[in-house]
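Subject: Structure for your review

Dear colleague,

Please find below the structure that I am handing over to you. My notes on what was found in it follow directly after.

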Amino acid sequence: MASIRFIHAADLHLDSPFKGMTELPQEMLEQLRESTFAAFDQLINYAVETKPDFVLIVGDVYDGEERSLKAQMRFQSGMEKLNDAAIPVFVTYGNHDHLNGKWTRFALPANVFEFGGQVEDVCIDIRGRRVVLHGFSYAERHIKERMIDSYPVAEDRDVLHIGLLHGSAAGDETHAVYAPFTIADLVSKRYDYWALGHIHKRQILHEEPMVVYSGNLQGRHRNERGSKGFYEVELDGHETKLNFVSTSSVVFERVEVSCKGIQHANEWFSACMEAIDSFTYENGSAIVEIILTDVEEMTMELFSQSGMDEWLHALREMAAEKEPFAFVQKIHIVQTSKLHAAYEPLVESVLQQIDSWTTEQWKGILEDLYGHAQAGRFLDRLHSEDLMEIRKDAEKLLYVEMSKLK
């Protein structure tokens, strides 16, 4: 029998506010705030051009339960374009845009099927081949129960079965754990493909059958690094082919810069800009963290002559003049000099104290910042990765300040 071809996308997060990015110049900030829409437009344009048999969108179309008019208008417009191209779309809503939210209703065109709050099945015919889609939308924001138990086992092997599930593999706490499942749970349903959403990292959890997170269309902060997009899937019941299509309008990434032999400021700026230019040439507009490697004692002495904020500000000004744009969010030092060894015991004692802090102690330490009337509303909730970054920043600052004492 002929194969089918479809698009698997998830986690569009249209109109994401990009909190905590207020340091960006206004023009760059506007591009970033439009990036989720730009990524969505690329998805729509690709579908219209290549005409897949159907499109799956697996949860979190919108960034919040109060769906903005702008986001709904853009989504409705995109669905109209797919309707004009006779491309069916199957949508589930996730924890961010659950069915119990409050929003002004928009009527979507007839080509769009929206799954309800319970697991349901939809049968479609693709050139004489039956395809059954199984899925559900979040009725509430917090779905803790095992919705996987409500998915039926596929009995008819002459039919292609595809599961849509916005949720977390048991034990994976990179995102809030909703609608948990295990790989064994999914395999036991005997489906031909599992289209997953919720985790923003693109990954293949299992190959026979394919169990796939497509990731989100556009990174939203520095912990969502690399190119983002969707999968184009070709499926015939025996073999599954995946083609990743990038849609990122702005890429978050870490860029390494070797400081080997650097003694002068102009050498360092040249090395950084060469690395940044190379990255943006390949990836387009970017928000980067500079990772300085091979940092020797003479380079640390160079850094000690000015505050790290001054180095960062100067590098940002140089990068801002480029097109595509690059914004340097942070500078990290991976130090290998003798100075590191000399002060290591003292630094380690401070870091051990930091490592001993409980979650409650962290909250107390950061209370003034997060409780601030103006600053607090621009800050996202801290995750374990964020605390590790604060620790790394503290370590870097300690070594830089100690180099001034030499």
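The crossing of helices α5 and α7 is right-handed (a crossing is right-handed if the near helix is turned clockwise from the far one by less than a right angle, and left-handed if anticlockwise).

The model is predicted, so local features need pLDDT of at least 70 and side-chain atom pairs count only at pLDDT 80 or more, while totals for chains, interfaces and linings use all residues. Residues are numbered from 1 along each chain as its sequence is written, and side-chain values use heavy atoms, with hydrogens and water left out.

**The pair α5 and α7**

Two packed helices are described by the angle between their axes and the distance between the axes. Helix α5 covers residues 265-283 and helix α7 residues 308-320; they pack at an angle of about 50°, and their axes lie 11 Å apart. Axes are lines fitted to C-alpha atoms, for helices over the stretch in contact, and angles run from 0 to 180 degrees between N-to-C directions. The two helices are therefore oblique to each other (angles under 35 degrees count as roughly parallel, over 145 as roughly antiparallel, 65 to 115 as roughly perpendicular and the rest as oblique). From α5, the contact is made by Ala265, Trp268, Phe269, Cys272 and Met273, and from α7 by Trp311, Ala314, Leu315, Met318 and Ala319; contact means heavy atoms within 4.5 Å. These residues divide into 10 nonpolar, no polar and no charged. In this division, Ala, Val, Leu, Ile, Met, Phe, Trp, Tyr, Cys and Pro count as nonpolar, Asp, Glu, Lys and Arg as charged, and the others, Gly among them, as polar.

**The chain as a whole**

The secondary structure of the chain comes to 11 helices and 15 strands. Of its 406 residues, 49% count as buried (buried means under 20% relative accessible area, exposed over 50%, and partly exposed in between, with a 1.4 Å probe and protein chains only). Among contacts between residues at least 6 apart in sequence, 72% join residues at least 24 apart.

**A six-stranded sheet**

An open sheet of six strands has the order β5-β6-β7-β8-β10-β9, and its pairing is mixed. Two strands pair if DSSP finds at least two bridges between them. The edge strands are β5 (120-126) and β9 (203-207), each of which pairs on one side only. On average, and with direction ignored, neighbouring strands of this sheet are turned by 20° against each other.

Glu207 stands opposite Met210 of β10. Pro209 is placed in the loop between β9 and β10, and the peptide bond from Glu208 to Pro209 is cis, with omega near 5°.

Five of the six residues of β1 are buried, and the strand is mostly covered. Five bridges join β1 to strand β11 (residues 229-235), and these two strands run antiparallel; the partner of Ile4 in β11 is Leu235. With strand β2 (residues 54-58), β1 pairs in the parallel sense over four bridges, and His8 stands opposite Leu56 there.

The loop between β1 (4-9) and α1 (26-33) holds Phe18. Phe18 counts as buried, at 4% relative accessibility. Leaving aside neighbours within four places in sequence, Phe18 is in contact with Leu32, Arg33, Ser35, Thr36, Gln218, Gly219 and Arg220. The C-alpha atoms of Phe18 and Leu32, which are 14 residues apart along the chain, are separated by 7.7 Å.

Phi is positive in both residues, near 55° for Asp11 and near 50° for His13. Asp11 is buried at 1% relative accessibility, and His13 is buried with a relative accessible area of 1%. Most residues other than glycine have a negative phi, and most peptide bonds are trans.

**A further cis bond**

Glu323 and Pro324 are joined by a cis peptide bond, with omega about 5°. Pro324 is placed in the loop between α7 and β15 (326-335).

Yours sincerely
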